[in-house]
Amino acid sequence: MKLSWLLSSFLRTQRETVKHLPYSLLVAAPLLLLSSPAHAAGIQSWRFDAAQNRLEFTTDGDVQPKAQLIADPTRLVIDLPGIVLGRPAFTESVGGTIRSVRIGQFDRGTTRVVIELAPGYTIDPDRVTFRGITARQWTVQLPTPMPMPIAATPPSTPPSTPDNSTVVPTTPTPPPVGTTIDPRPPVPSTLPPLFKPATIEAIELTGGGTQLLIRASQTLRYSTGWDRATGAYRLSISSAKLASNVKGPQFNSSSPIRSLRLRQEDANTVVILIQPAAGIRIAEPNLLGQTLALQLQSSRSAVAPTAPIATIPVPAAPRPTYPVPPRPTAPSPINPRVPN
């Protein structure tokens, strides 16, 4: 009698435990989920080797980069979809032909890496090489930056006569024998109108700060580029001189131009150095008669790109292959024996 009571008590305890076990698991599962927050993929490490012009970065999750080359100034933009930076944007100055490397959060789900070249330099987009060691570890090899070509100076126009016929130079007739020749060249009282240098008369900021106008006494011949010493936009005007009373426009903290310097480089060359404000790009000059116009365009931000020069193809990220385990076979159910 005592043995049967012990057996009955044991079975009753087992049944109570099994009955309450699913409820315990349902209560514990949400607590476990709440205690372990979701981990977003981010940048684990990155490094730019200035000696090799190579960028290396590693992410916490798989990523397929996208790349494009942007102008004014030239910069390589690399987007990492699905990667969250999780920290404020930061910039690392490099120096030399590579000015800086910037990393920031472009949108909610994309981290952007920008490699900006020094003013006056560019790279061949076809020689930018991406290599995926794994889906989380990438290297970007840049070619050696090269100087940008300078705009060619238009050829001078030959002199013409009032009836618009071209003057053909003729060979001078030698003087008679015994004539004394003065070795000094004759000094003309006034220069011919064609070769008279242009005078820079005024420099104005118009259009609500969207363009810079350079007014002269005649058509200008010029070349453009970026000054390596100062990092400013350099406008070199040949066969020109500055008027005695010419002055540059006044700028304030909200002006699209930070500073502007005028100087007479030599007797026939005027140089204008323009330092644009942050987020302002200078388009190619447009010559309108005796006025040279430079368009000042505003970009969205230091990280946001303008129209791309070229889209750089990136190979697909390598995917590791894992052996597929065999599908387990379900054993045939066995009905347990009910104790008496």
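A salt bridge here is a side-chain nitrogen of Lys or Arg within 4 Å of a carboxyl oxygen of Asp or Glu. The model is predicted, so to speak for local features pLDDT has to be at least 70, and side-chain atom pairs count only at pLDDT 80 or more, while totals for chains, interfaces and linings use all residues. Residues are numbered from 1 along each chain as its sequence is written, and side-chain values use heavy atoms, with hydrogens and water left out.

**View 1. A salt-bridge network links Arg-47, Asp-49, Arg-54 and Glu-56.** Glu-56 meets Arg-47 at 3.8 Å, N to O, and Arg-54 pairs with Glu-56 with the closest N and O atoms 3.2 Å apart. Glu-56 is partly exposed because its relative accessibility is 27% (buried is under 20% relative accessible area, exposed over 50%, partly exposed in between; 1.4 Å probe, protein chains only). Arg-47 at 44% and Arg-54 at 23% also count as partly exposed. Searching the whole structure turns up 11 salt bridges.

**View 2. Arg-99 and Glu-116 form a salt bridge between two strands.** Their closest N and O atoms sit 3.4 Å apart. Arg-99 belongs to strand E6 and Glu-116 to strand E7, so the pair ties together parts 17 residues apart in sequence (strands are DSSP runs of E, at least two residues, numbered from the N terminus). Arg-99 is partly exposed at 39%, whereas Glu-116 is buried at 9%.

**View 3. Ser-100 is a buried residue of strand E6.** Its relative accessibility is 6%. Leaving aside neighbours within four places in sequence, Ser-100 has contacts (heavy atoms within 4.5 Å) that include Thr-91, Val-94, Ile-115 and Glu-116.

**View 4. The largest nonpolar core holds 30 residues.** Such a core is a set of buried Ala, Val, Leu, Ile, Met, Phe, Trp, Tyr and Cys residues joined through side-chain atoms within 4.5 Å. Leu-55, Ile-78 and Phe-130 are among the residues with the most contacts inside this core. Elements giving two or more residues to it include E1 (43-49), E2 (54-59) and E7 (110-117). A second, separate core has 23 residues, including Ile-203 and Leu-212.

**View 5. Four strands make an open antiparallel sheet in the order E14-E15-E18-E17.** Strands count as paired if DSSP finds at least two bridges between them. E14 (221-226) and E17 (257-266) are the edge strands, each pairing on one side only. E14 and E15 (residues 233-238) pair over six bridges, and Arg-221 has Ser-238 in E15 as its bridge partner.
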